[in-house]
Amino acid sequence: MGGNSKDIKGFVSRNSIWLILIILILAVGVIQPKFLSVGNMVTLISGEAVRGIMAFGVMFAILSKGIDLTIGSTAALVAVITASFAQEADYANRYFEGGKPLPAILVILIGLAIGVVIGAIYGAIIAYTKIPAFIATLGGQLICRAGAKMYSDSPISKLTESYRFLGHAKIGPVPVIIIVFFLMFAISAFLLTQTRFGKNVFAIGGNDQAARVAGINVERTTVLVYVWCSFCAALGAILLTGKTGSATPASTGLNYELDAIAAATVGGTSHTGGICRASGVLAGILILGVINNGLVMLKVDDNMTNIVKGLIIVGSVILDMRKNAKRV
Amino acid sequence: MKMSKRVLACLAASAMVFGVAAPALADDYKMTVIMSSRDEFLSTLEKGATDAAAEIGGIEISTQDANNDPAKVLQFIEAAANAGEDAVIINLVDAETGAECVEAAGDMKVVFVNRCPSDTSILNENVVYVGSNEMTSGGFQGDFLADYFNEKGQTDVKYILLQGTLGLVHTTQRTESVLQHMKDGGLNIEEAAAPLVADYDRATAQEMIAPLLTTTEYDCIIANNDAMALGAVEAMLDADLDPASIPIVGIDATADGIQAIKDGTLAMTVFQDPVGQGMGALMAAVNMLEGKEFTEGTSFSADEENPYIVWVPFEPVYPDNVADYEK
């Protein structure tokens, strides 16, 4: 019996984040019942999908005791480049005057490839020069944003429906973006728990010296972490441009890395490395979604929304650190 | 030896940064254009100024991007003053910093463009402002909505407002003037939701308005710019609503905004003339240096009360005149 109650306690403690999410949803729902409608839940999740996918990327970086600040800028660069290849042929303000849009699948593959290459570059810089990830990715952030602005000085829009499919289309009542989001959740959870790569990242985050002694190729794993992170950013960019129908060099993805880091953090990913659960990060994303969506519906002022967000981010980390300290 | 090499390298680097487009002549005017940031509109404005300079000839002009940092604006002004330039054209990041900019400019002529210093008493024969009167931009939106609802015979109107970045003068004026003109047009207006602050950004606006579209009653959507109006259009399409079913109004007449009016998804927008503002600012700088009227060589006119303000007019854009604004 005693063991049983301990199990329950452990389960609740491990999943306290979901409890917080449910309480939040109910609280907003009681005040504004329309919040709970299926339509609004679809709106909520599709609104968070892009940042959510980025969070699934950055959680690997945080788990390995790193960070990725380039996400939003990588997204901007991928967004403007892919969008420029996907504009309708008859649009007067085309980026490539008089050209034709490339097939969507090709454009998307180009975008993802750009993401992978960018991630490999700064992943290699972090792994082999040993400079802090914070610095390497801060540099990357500036360079990618500038690259996006150099590529185009104005928004690129009128994109083909086939390019916008992932971000914009619906299959029946379900937006494709939501399907992509949950698919990416499943893939990252699988990567994290079921593959050697995931286990290696856990090991590096826990103690990189021990990981090295245990025969893990720390450098290669680190590069792969940032490749994955950047891949998620590129996919996010394609969804975002699909959803909004426009890629804006100066503002697309601006500060998205911070939202992604916040979601991963609220979801219990430890910045001291070695602790991360994909389900927790999913809950973290949804909590931020409830705040973004719900507080608008409750007619709460924008500044207040950000104050609540800030409190939740800090509060959740304090809770987590105490919990993890107890466990040790 | 080592030192001097370093100094040379620094000089070479700064020469690149503050590089000039045209070869220098003895009686050239030297100017720097300082932009708050480089979005579509401001880039067009910048080009309006540099193109005008190229057309006049004999003007060395360089441009800087302050990346929305007021401190950088001041740094660029000081650098231009130290380089002995003749004039600066400033697109303010923070309207409150106008006096500091004038002080930093020293003997240089100063033209503020697009964003007016909040304290207009700092303007004088050496410091002028060239821009568009934001009270009229929102006014055109308000008049349009008043006419639209009066024609329908509806006086109680609920609106959703998508606001730009708070604290910027033009955000406040656009919002104030659209609401005032709706009231003046005899409408009984009520806000359907708390004002959404979407920072002039399309994606942010789309995200913020999405939860309201199917859960709130509203008769029209007012946006402080086209990007946010288009975000609202996308959100409506996402929710399987017809954006043409209610009037959605924007400001700026960007290429995308014009296209949306042609598509019928945007009801109207207001054209702000970026090329005119850039050109007007450059002409004002040149005219000041040559001791002429600020507006000489342009079709613009000075404000009736403050002679140091030059207005570049706004123009409303509807489906029936949209063809005039296609680029």
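Predicted model: local features only at pLDDT ≥ 70, side-chain atom pairs only at ≥ 80, totals over all residues.
**Entry: extent of the interface**
I began with the contacts between the chains and found 31 residues of chain B against 29 residues of chain A. I then looked up the buried area, which is about 2,500 Å² between the two chains, with 48% of it on carbon and sulfur atoms.

I noted five salt bridges between chain B and chain A. One that I located joins the side chains of B:Glu207 and A:Arg51, at 2.9 Å from N to O.

**Entry: the chain B side**
I asked which elements of chain B supply at least two residues each to the side that touches chain A. They are helix H2 (40–56), strand E8 (196–197), helix H7 (202–213), helix H8 (226–238) and helix H9 (255–263). H7(B) gives the largest share, eight residues. By class, I listed this side of chain B as twelve nonpolar, five polar and 14 charged residues.

**Entry: helices H5 and H6 of chain B**
I turned to H5(B), residues 134–152, and H6(B), residues 169–184, whose axes come within 7 Å and cross at roughly 30°. I recorded the crossing as right-handed. Among the contact residues I noted B:Gly138, B:Gly139 and B:Gly142 of H5(B), and B:Ser177, B:Val178 and B:His181 of H6(B). The contact of these helices comprises five nonpolar, nine polar and four charged residues.

How values were computed: Residues numbered from 1 in each chain as written. Chains lettered and ligands numbered in written order. Heavy atoms only, no water. Contact = heavy atoms within 4.5 Å. Buried area = accessible area lost by both parts, 1.4 Å probe. Salt bridge = Lys/Arg side-chain N within 4 Å of Asp/Glu carboxyl O. Helix = DSSP H or I, 4+ residues; strand = E, 2+ residues; numbered from the N terminus. Nonpolar A, V, L, I, M, F, W, Y, C, P; charged D, E, K, R; others polar. Axes fitted to C-alpha atoms, helices over the stretch in contact; angles between N-to-C directions. Left-handed = near helix turned anticlockwise from the far one by under 90°.
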